Amino acid sequence: MSRIVYVNGDYVPEEDAKISVFDRGFLFADGVYEVTSVLDGKLIDFEGHARRLARSLGELEMAAPVTDDELLAIHRELIARNDLTEGMIYLQVTRGAADRDFAYPKDAAPSLVLFTQSKTLADSPVAKTGMRVISIPDQRWARRDIKTVQLLYPSMGKMMAKAAGVDDAWMVEDGFVTEGTSNNAYIVTRDGTIVTRHLTTEILHGITRAAVLRFAKEAQMQVEERPFTIEEAQHAAEAFITSASTFVMPVVEVDGVKVGTGQVGPIATRLREIYLEESRKAAL
Ligand code: PMP
């Protein structure tokens, strides 16, 4: 039997419940959710969930799609329409659909989806036997080497950069730069060595990074793959980033401090030229 699902104001059969491929929940994990349980056809701790939802939305500067009263009415309507006596109601709000850009769109309408799941919760057999667990490292989300669509923090980072009146942000962990919000980060030391963080699970293994380092070595430039600090960047001769869409892009200021002369430097300029020339030659 098909469930009735709530999607942006409509109650529709689940096979007709659709969201745009441009929805930021799909493209950036730019969304929040709640799960409220239902016992005897009634909502458990609805107010707690509504409060946390409001907080999550606030932290992400996301508009609430409906009021708390409307939200309660939608939950109740779904319970009624699906004849739910025991189970859960899943709720998700996303920033909505917009052309893909890390920065938040100015005028997207939030998406709101709710659906029911029927499940025995109170009379769970495990409640009688107890659970067994294993321990695992907490790596939420420490696997930046996987190019996932979990891009909410990079998106927040771009907005922090925008709010500070600059172009982008470099992320720092344990005192060292990992990478840019959507690019790999580099400095050029005063003796002309190109420094960029080594490849681990802490950064994305940039395709442009690999090509640029290869071209740099072929051009007899010195390359060192190691972590560097913001302070080292501020005292460097040059800095730049690389990514598929920016190629090699000079960075002239970090946290309000000019890097080198504060102008685009010769090594970043040369690498950009080489990258464009070689990539055009090899393009398929
Ligand atoms: N780091 C991060 C976090 C990125 O999102 C990107 C771009 N997708 C890069 C580095 C650069 O990778 P590439 O050169 O493959 O575009």
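Residues are numbered from 1 along each chain as its sequence is written, and side-chain values use heavy atoms, with hydrogens and water left out. Because the model is predicted, local features need pLDDT of at least 70 and side-chain atom pairs count only at pLDDT 80 or more, while totals for chains, interfaces and linings use all residues.

The mean pLDDT (the predictor's confidence in each residue, from 0 to 100) of the protein is 97, and 100% of its residues reach 70 or more.

Strands are paired if DSSP finds at least two bridges between them. Strand 6 (residues 111-118) runs antiparallel to strand 1 (residues 4-7), with 2 bridges joining them; here Tyr-6 lies opposite Leu-114. Strand 6 also pairs with strand 5 (residues 87-94) in the antiparallel sense, over 8 bridges, and Thr-116 is the bridge partner of Ile-89.

A nonpolar core is a set of buried (under 20% relative accessible area, 1.4 Å probe, protein chains only) Ala, Val, Leu, Ile, Met, Phe, Trp, Tyr and Cys residues joined through side-chain atoms within 4.5 Å. The largest has 22 residues, and those touching the most other members include Ile-89, Leu-114 and Leu-71. Strand 3 (31-39), helix 2 (46-59), helix 3 (68-81), strand 5 and strand 6 each give two or more residues to this core. A second, separate core of 16 residues includes Tyr-186, Val-188, Ala-268 and Leu-271.

Conventions. Helix = DSSP H or I, 4+ residues; strand = E, 2+ residues; numbered from the N terminus. Buried < 20%, exposed > 50% of the residue type's maximum accessible area, 1.4 Å probe, protein only.
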